[in-house]
Amino acid sequence: MSQNVLKIEHVTMQFGGVVAVHDLSMEINEGEIVALIGPNGAGKTTAFNCVTSVYEPTNGRISFLGKTIAQNSPNKKMRKIYGGTMPDAFTDHQVRLSPDQVTKLGIARTFQNIRLFGGMTVLENVMTAMHLRRKSNVFTATLHLNMAEEKAMKKKALDLLETVGLLDLQDEMATSLPYGKQRLLEIARALATDPKLLLLDEPAAGMNPQETDELSAFIKRIKDQFGLTIFVIEHHMNLVMEISDRIYVVDFGKLIAEGTPAEIQENPAVIAAYLGGEDE
Amino acid sequence: MKTKKKINTSMLWAALVIALVYVGVFIAEQTLPATSMLFTVLKKGATYALVAVSMNLLNGFTGLFSLGQAGFMLIGAYAYAIFTIPVADRVNVYQYYNGGLIQFAMPVVPALIVAGLVAAAFAFLIGLPVLRLKSDYLAIATLGFAEIIRAIFQWNKLGALTNGSNILREFPTFNDFNIRNAEGEVTVYLSTLVPFVIAGVCIALIVMLINSTFGRSLRAIKDDEVAAEAMGINLFHHKQLSFCISSFFAGIGGAMLAMYQSTIQAKAFTSAMTYEILLIVVIGGIGSVTGSCISSFLFVACSEWWLRFLDQKQMIGDFEVPLLRNGFRLVVFSIIIMIVVLFFRQGIMGTKELPDLFKRKKKARQEVKA
Amino acid sequence: MKKFLAVLMVLCLMAPAFALADDMPVVKIGVFEPASGDSGAGGKQEMLGMQYANKVAPTVVIGDTEYKVELVYADNGSATDKAPSAAAELVNQKVSVVLGSYGSGVSIAGSPIFADAGIPAIGVTCTNPQVTLGNTHYFRICFLDPFQGTVLANYAYKEMGAQVAYCLAELGNDYDVGLAHYFQQAFEGLGGMVISETFPTGTSDFTSYINNATGYGAGVFFAPCSIAYSTLIIDQAADLGVNFALMGGDTWDSNKVLEAAANSNLNILVSTFYQEGGNAEFDAGIKAWLNEDAEAMTNNGGNDVIAAVSAMGYDAYFVALEALKAAGSTDSKAVNEALWNVTFDGVSGAIAFDAETGDAIRDTAYIKKVNTATGAWDFVAVQGVN
Amino acid sequence: MFNTVFPYLLTGISVGGQYALIAIGYTMVYGILRLINFAHGDVFMVAGIVMVYLNASGMPLVLSVLLTLLITMAIGFAVERVAYKPLRSAPRMSVMISAIGVSYTLQNLVLYITGGLNQFYPKIPFVSDSITIFGVNTKMVTVITPILTVILVVALVMLINHTKIGMAMRAVSKDFETSQLMGIKINSVISTTFIIGSFLAAVGSMLYFTNYNTVIQTSGSMPGLKAFVAAVFGGIGSIPGAVVGAFIIGICENIIKGLDIILFKAGITKQNLGLATFSDAFTFALLIVILIVKPTGLFGEKVTDKV
């Protein structure tokens, strides 16, 4: 059994009275590609946001490579309207890393609704994501005493752009790219943070079948090339079935199934959740 | 590689233009009478250019809508004045406070840096609570802090340091940089070049910051805070950094304003001053350093010089031009500003910089489209 | 649309200033006064004196040539940050000598600009010692705050029998703060108690300060602030029915104060430079002018009550002419030299400058009281330091 | 103790009422457009100037009061149409800057028209009369202000909750785009908001300038800023919040002015600390504290960003 990379234990995320994620537990092991699927509004992106610490879970614990990213239990006020399973194990102390700390630990993500830096070029977008691994400080950087580092950054960024096939577009404004290329750029930008775990939020959304096919090959390729573990949310079942080692299925915030692609395809609960449809 | 070369030539052209401006200023100063309004405009324009660029760093490049600029200028101006008033003059200046607390005077350049540092230190403290606020709330909180700073500096219990609400004067001004011969006659005029040099160095530093990895991170924050954070950029630290650096240069700008005005008083640093600088930034183009510089000079020239004739009765032959009397200048001026704000929203430069102007037209057009 | 606007704006900016040349040579006198802001009203009244004087004596013989005197105005906006550029504007216009300003802070702020250009300035009613202290280009024809403060303190303590005085000054106004300071010094020197407070610029609600004065049991409320605030204070004090006297410095000598105090039962005293009736010829002349020139009338506040500052402005103009004559040239440096020895018998009294500071040697001030029934000033006393 | 504090309290309530009437204009506009209408304080000032000039023209007082209200409403409407409507799709910062530009323009226009001189506000009979409450002399307006404020606010809340235009306003403030899609005439809703805000500002200006009888081009900026702070304090977008905030700020500000003497009389301090210097600054300090503790103000709603 390979090493456990991400561990989500009994995570509940509640907004006011709405329970978006209900007592979710899952594990992702090193080198795996794991998919999280479920109908729209099932709480998939919310789960991602908990992992990357954009949201603080109402209850539960998330740990990455043995280090706790977030740990919480409902406070007094929340307890009254709390709709998840009652907390027990995580009341000792609260932990919440900020999103940038999580990224520094080695979790990178893309966004469902593309969030590129619109005012920057393709190259700058990628280079910005290397800022967190810098050695220079604000004085050396301002006085341009870190030319070696800048050069190395640029080289690495160009390499990454080559990997995703955007090298010739490096000086274009990021938002002027076509949709599919913007998604690739988001992946390149995420890779620039040197992640161990890559979270892809609907990477194939808006792509045509041919692009989708290319994408699955691409995901496998970067997994091997960069030694990644990948956690993906996706609606394109073809893609999911092709790349995933394991799949988790959520509906109305609750985990309803877990297993290999073959097992999930047979699972009656999953079929019911998707109203019998395999492809949305 | 081809693109790189193009950028380099345009950079060279830009450098040449800047060098020409400096040479021009120097020559003008030696040849034109020192009383010309031109120099008043140039000195104040250089000062405002620095302050506007420092505000642009926050508003245009980091996306923090801060309205505290006047407060930091005040701190800088006071720090500069307090540390540079000659000891002999302190008795007169601090007339109600027995010559004040501080009994030494620093040279100008260290005092300028101290002015910036003090402003940055205040910014650090103010930033701790307010930088967690978003857009409008940040704007109003910084505006509030500027007002609080003004009140503190006017408090007579601090009079031994700040001279209460009274005027500070006798500190070295731009005119003290003129080189004089033994008879006290000016041989080489430097009083306009010096503010250009100070502002130039500071603005160059800001531009270098913007083009560094930190600058990219700040722009990332402006474009998308969530994504920036997800890319490992610590929002608070970087906002704090930008806020302190902006205030540092605003502080130096304040000190320059003190040098330009030769007297300084907390009363003048109102929110109206911040608005004025904000308008300069907008007219120049939010996110363009070049734009801020150009519009500072235009703004100052219009308000202090070119439109002055509107304030006085003018006769064309026997015809008295109607409407012209005291205050008309400001009416015309504000209407011009409204036209710019409403119809030329990109400002003079948009987000373009000086080197961009020398790039080939086609390239420029592509950028506009983008 | 955009293009049209752009062209229009450029045209606006390019529109040249037309000026017609006259046959007679012109000597320019700079008028460095506030035409707007808190002291705008006072500044305009001071300018009236100069304008009237310019009407009386539109030309001056310098050397052997007759020059036309042109007044060049620059509005310092009652603000120390606007003052330097207004001063620079006068310098740019190459004036030979500057008159003004009403308000000490703006005078101090404009002073270095004039000093650098070598242009002398004649302070008209700026009473703060700092205006002339330590320089050789700034002169002044009025008395100073230490004098005025002492006079008022003496009067309040000795004549009115006040034991506690409440001083209220505008933050950052050198005139206010200075006068209040010297008043406090003198009043405490006499054995009285002074409570001193300040209000921020732009305040319009003074009731709390007036309540404070009542709370401290003040016998006199001394507020040496600009006219804009004085009328508010008077109005609100009248409503609150205060039982102390209000006292102001020379700024309060304004018909606005009279208007505000009319039909109240307030006791208002001011110290000033000139009392109407001091010079019948001047009084009659300026009144006739005010009544015939509508704009001047408006600037005087709508009636023909003569403000002391107008008399001072009038005198300042003639002092400048004397200096020009004595210098025998329009060169500002020569005028500066000549000013030290100028003497002039003005409507506000004889003027001669102290050889060290350039301040007029004055030892009396007029104390006036508002007659709330008639809405006019009642002359109370000529008061010296003792 | 009561006798020491009461006069300040009384003034505070009166000032608070005036701030409240201005603050509503800010809060309504913000609720709908998410715009800090920096020019609102100047509309308030212009209302004062209009009244001065109308009265000087010699028309009966009632007529000039009515005309002032109408003209101010027209100005509010015009400001929105000229300066804000063209920027409907522009970034928020542009609109805010346009607001600053309008404020600058209005001030300079008034400076030009008045020649920079203080204008004296006409006395309104009855409202300007003096009365005595609990041994404290004051103007009638001190008592009228809070009462009138409360009446107007109740009327306004009724309007918003029970009329069609009120419903449209609530809809627009909840979701600008959707209500537009639902066929709400967004421009007329916005115009109405500005007209109501200007009307209240005009009423506020009458009360305010009756109390403090001079008007100058900068008269609107401080009250405007304070009223805005009051609106933020109470939770911007909330009308009751703005009113409560305004009263709190009015009272606090006046207590600060008298704090020295209150402390002195209570035997806490021996000398004057000059705390009155901080009467304006305190307002802002209060604002910053509330923004940090509860960023949405006392009655504001929490908004979560969607990621």
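These notes cover chains A to D of a predicted model, taken by domain, strand, sheet and interface.

Residues are numbered from 1 along each chain as its sequence is written, chains are lettered from A and ligands numbered from 1 in the order in which they are written. In this predicted model, local features need pLDDT of at least 70 and side-chain atom pairs count only at pLDDT 80 or more, while totals for chains, interfaces and linings use all residues.

1. Domains of chain A. Domain 1 of chain A brings 10 residues to the contact and domain 2 of chain A brings nine; two residues are in contact if their C-beta atoms, placed from the backbone, lie within 7 Å. On the domain 1 side, α3 (99-105) and α8 (209-226) of chain A each supply at least two residues. Helices (H or I, at least four residues) and strands (E, at least two) are DSSP runs, numbered from the N terminus. That side of domain 1 has five nonpolar, two polar and three charged residues. Ala, Val, Leu, Ile, Met, Phe, Trp, Tyr, Cys and Pro count as nonpolar, Asp, Glu, Lys and Arg as charged, and the others, Gly among them, as polar.

2. Strand β3 of chain A. Five of the five residues of β3 (residues 33-37) are buried, so this strand is largely enclosed by the rest of the structure. A residue is buried if 20 or more other C-beta atoms, placed from the backbone, lie within 10 Å of its own, exposed if 12 or fewer, and partly exposed in between. A:Ile33, A:Ala35 and A:Ile37 point one way, A:Val34 and A:Leu36 the other. In a regular strand the side chains alternate between the two faces of the sheet.

3. Partners of β3(A). The strand pairs in the parallel sense with β9 (residues 229-233) of chain A over four bridges, and four bridges also join β3(A), again parallel, to β10 (residues 246-251) of chain A. Pairing requires at least two DSSP bridges between two strands. A:Leu36 stands opposite A:Ile233 in β9(A) and has A:Tyr248 as its bridge partner in β10(A).

4. Chain B overall. Chain B has 16 helices and six strands. Its radius of gyration, taken over C-alpha atoms, is 22 Å, close to the 21 Å that the globule rule gives for 370 residues, so chain B is as compact as a globular protein of that length. The rule is 2.2 Å times the number of residues to the power 0.38. Buried residues make up 58% of the chain.

5. Sheet in chain C. Seven strands form an open sheet with mixed pairing, in the order β8-β7-β9-β10-β11-β14-β15. β8 (193-199) and β15 (376-383) stand at the edges with a single partner strand each, so one side of each is left without a neighbour in the sheet. Within the sheet, β7 (residues 164-170) and β9 (residues 220-222) of chain C are parallel over three bridges, and C:Cys167 stands opposite C:Phe222.

6. Chain D against chain B. Here 34 residues of chain D are in contact with 35 residues of chain B. α4(D) gives the most to the chain D side, with 13 residues. That side divides into 23 nonpolar, nine polar and two charged residues.

7. Chain D against chain C. Here 31 residues of chain D are in contact with 29 residues of chain C. The chain D side has 10 nonpolar, 17 polar and four charged residues.
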